[in-house]
Amino acid sequence: MGYVWDFFAVARNADILLAGLGQTMLLSVCGIAVGVAIGGVLAAMRLSGRRTLSWPALAFTEFYRNTPPLVHFFWFFYGLPMAFGLTLPPFAAALAALGVQSAAFFAEVFRGGILSVETGQWEAGRALGMGRARLMRRIILPQAARRMAAPFVERSFELVKTTTLAAALAFHETIYSAMVIVTQTYRPLEVYTVVAGLFFVVLFSASQLAEWLEARGRRAGAR
Amino acid sequence: MTVAGDVVLQVEDLHKSFGSTEVLKGIDLSVRRGERIAILGSSGSGKSTLLRCLNVLEMPTRGRLILDGEAVGKPAAGGATRYREAELNRLRARVGMVFQQFNLFPHMTALENVMEGPLSVLGRSRAEARRTAQRHLERVGLGGKADAHPARLSGGQQQRVAIARALAMDPEVLLFDEPTSSLDPELVGEVLGVINDLSEDGRTMLLVTHELGFAYHFATRILFLHEGRILEDGPPEQVLKSPREERTRRFLDRFTAFRF
Ligand SMILES: Nc1ncnc2c1ncn2[C@@H]1O[C@H](COP(=O)(O)OP(=O)(O)OP(=O)(O)O)[C@@H](O)[C@H]1O
Ligand SMILES: [Mg+2]
């Protein structure tokens with residue numbers, strides 16, 4: 001007996017799903033922003049050459065890289081109120097968890113990009129008398145940025161997919177909206193197929209855009 | 001203030017160790033303004049390390065560095081010297097360096113490479129930096145390549161841009177570390193030609209090289225380095241043709257073993 005697909009059940013609730021997708025995008029963009037900001041600081045600490053800075057940063061990145069993200073979602077949502085009496089709304093808790101965990105990954109992306117620039121570039125800059133900050137900004141970062149682009153996009157996609165864990169905090173992002181629709185329509189197959197399709201369309205278009213930008217950057221660099 | 005012949009760079013009892021291996025074992029050297037010094041020595045004798053100590057890309061472990069009568073760094077315990085970053089940057093701006101691997105900035109055009117120092121270290125205006133950069137590129141025969149990125153240039157052209165980049169800082173002392181060693185043989189001549197042409201400026205230059213013929217014609221003075229010490233120091237005629245030390249003779253013999 002064949003299953004009879006009924007996508008109208010989803011179509012009727014498209015507004016809920018799209019609202020959820022909007023929240024997913026919002027959480028993703030904010031998550032990337034927080035992750036990049038903290039990740040930048042972590043990378044700077046690790047590259048500082050001072051143990052008092054690099055070790056804590058190393059411990060932080062390793063901890064968040066090697067623990068499951070859901071734990072951190074729960075910790076910020078359920079743990080923080082118990083430990084510190086600080087209650088965060090689902091969005092803030094999810095953002096905090098995403099932010100700190102992706103910071104650990106972004107820090108590695110930044111550090112890897114910067115370390116991939118040959119020592120000769122540092123030496124050439126220093127030999128001109130450039131200070132550290134200027135050397136970083138004028139010589140190292142422009143070159144590192146190109147090499148960071150691909151892993152950065154990759155990590156950002158991971159982050160977008162990880163935002164779905166916020167459903168566990170009853171945050172109304174795409175998956176949570178899907179669950180709501182499923183309980184109303186009993187059409188999980190259709191609903192989750194559409195959800196997969198939505199993520200695919202968004203991420204695939206984003207990756208095409210990123211590739212185009214990268215190719216353009218490469219052409220500009222090899223002029 | 002800048003009289004030809006006065007001492008521009010003085011090195012006293014310079015030591016450099018990497019971990020427990022001492023690479024420079026006490027270098028004393030007095031460089032007069034306008035001197036062109038070729039530094040010879042076998043691989044591992046410390047030639048690069050010596051040059052890199054002169055612009056403090058490597059921190060000397062011990063000893064003093066005096067540029068234009070001013071000691072670099074402050075004395076600290078145990079004969080060591082403490083250096084402040086800002087002071088080192090100022091020194092490096094006055095002591096130029098040309099590397100074996102060119103180390104051009106790949107994300108910048110030839111012109112931008114040459115402009116970078118004047119622009120971001122000397123604080124020149126963009127227009128002025130551009131003007132002098134163009135002049136220096138023309139000087140090394142690359143006026144037409146201003147807009148080319150390094151990847152589009154031959155090794156010899158890249159090294160000439162690197163020389164222009166160093167010249168644009170108008171350094172008091174210019175250091176070359178085997179500037180032609182990573183070039184195809186047919187490109188060596190164009191780079192040596194450019195370096196030789198710099199002689200007419202009267203700029204102080206120190207050059208590490210394995211090109212004995214070039215050293216003979218270019219240098220006013222030759223140092224032979226052996227195991228971290230200066231073993232021989234004199235005019236090219238004397239060092240290359242009648243070296244005092246057996247070591248120097250053996251080193252030179254290796255270059256003249258095959259003749260045709
Ligand atoms: N950063 C470093 N760390 C550890 N050892 C080093 C470092 N730089 C140089 N050395 C060692 O110091 C010694 C001298 O090196 P240096 O590069 O000065 O020799 P060189 O005379 O320039 O040789 P070459 O003709 O091969 O360039 C070598 O034994 C080298 O292995
Ligand atoms: Mg060397």
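Which residue just after α1(B) takes a positive phi? Select B:Val56, which follows directly on α1(B) and has a positive phi of about 55°; helices here are DSSP runs of H or I with at least four residues, strands are runs of E with at least two, and both are numbered from the N terminus.

Before going further, note that this is a predicted model, in which local features need pLDDT of at least 70 and side-chain atom pairs count only at pLDDT 80 or more, while totals for chains, interfaces and linings use all residues. Residues are numbered from 1 along each chain as its sequence is written, chains are lettered from A and ligands numbered from 1 in the order in which they are written, and side-chain values use heavy atoms, with hydrogens and water left out.

**Chain B as a whole**

Select chain B, whose secondary structure comes to nine helices and twelve strands. Its radius of gyration is 18 Å, close to the 18 Å that the globule rule gives for 260 residues, so chain B is as compact as a globular protein of that length; the radius is taken over C-alpha atoms, and the rule is 2.2 Å times the number of residues to the power 0.38. Along the principal axes, the C-alpha atoms of chain B fill a box of roughly 55 × 50 × 40 Å. Buried residues account for 55% of the 260 in this chain, where buried means under 20% relative accessible area, exposed over 50%, and partly exposed in between (1.4 Å probe, protein chains only). If you colour by charge, chain B shows 35 positive and 34 negative side chains, and the centres of the two sets lie 3 Å apart; Lys and Arg count as positive and Asp and Glu as negative, with His and the chain ends not counted, and each charge is placed at NZ of Lys, CZ of Arg, CG of Asp or CD of Glu.

**The open sheet**

Next, select the four strands of the open sheet in chain B, which has the order β2-β1-β4-β5 with antiparallel pairing; two strands pair if DSSP finds at least two bridges between them. Its edge strands are β2 (21-32) and β5 (70-71) of chain B, each pairing on one side only. Strand β1 (residues 7-18) of chain B is joined to β2(B) by nine bridges, and one place to look is B:His15, whose bridge partner in β2(B) is B:Lys25. The hairpin formed by β1(B) and β2(B) has two residues between the strands, and B:Gly19 in the turn has a positive phi of about 60°.

**Two helices under cover**

Now select residues 47-54 of chain B, helix α1, where seven of the eight residues are buried, so the helix is largely enclosed by the rest of the structure. Among those buried residues are B:Lys47 and B:Arg52, as well as B:Leu50, B:Leu51 and B:Cys53.

Move on to α3(B), in which ten of the eleven residues are buried, so this helix too is largely enclosed by the rest of the structure. The cover over its buried residues includes α7 (132-162) of chain A together with α4 (126-139) and α5 of chain B.

Most residues other than glycine have a negative phi. Which loop holds B:Asn103? B:Asn103 lies between β8 (95-98) and α3 (110-120) of chain B; its phi is near 55°, and it counts as buried at 11% relative accessibility. B:Asp170, in the loop between α5 (155-167) and β9 (173-177) of chain B, has a positive phi of about 45° but is exposed, with a relative accessible area of 55%.

**Across to chain A**

Finally, select chain A, which has nine helices and zero strands, and whose C-alpha atoms fill a box of roughly 75 × 50 × 30 Å along the principal axes. Of its 223 residues, 39% count as buried, and the mean positions of its 20 positive and 12 negative charges are 14 Å apart.

End at A:Leu53, in helix α3 (residues 51-65) of chain A, which counts as partly exposed at 32% relative accessibility. Leaving aside neighbours within four places in sequence, A:Leu53 is in contact with A:Met45 and A:Ser48, contact meaning heavy atoms within 4.5 Å. The C-alpha atoms of A:Leu53 and A:Leu42, eleven residues apart along the chain, are separated by 8.8 Å.
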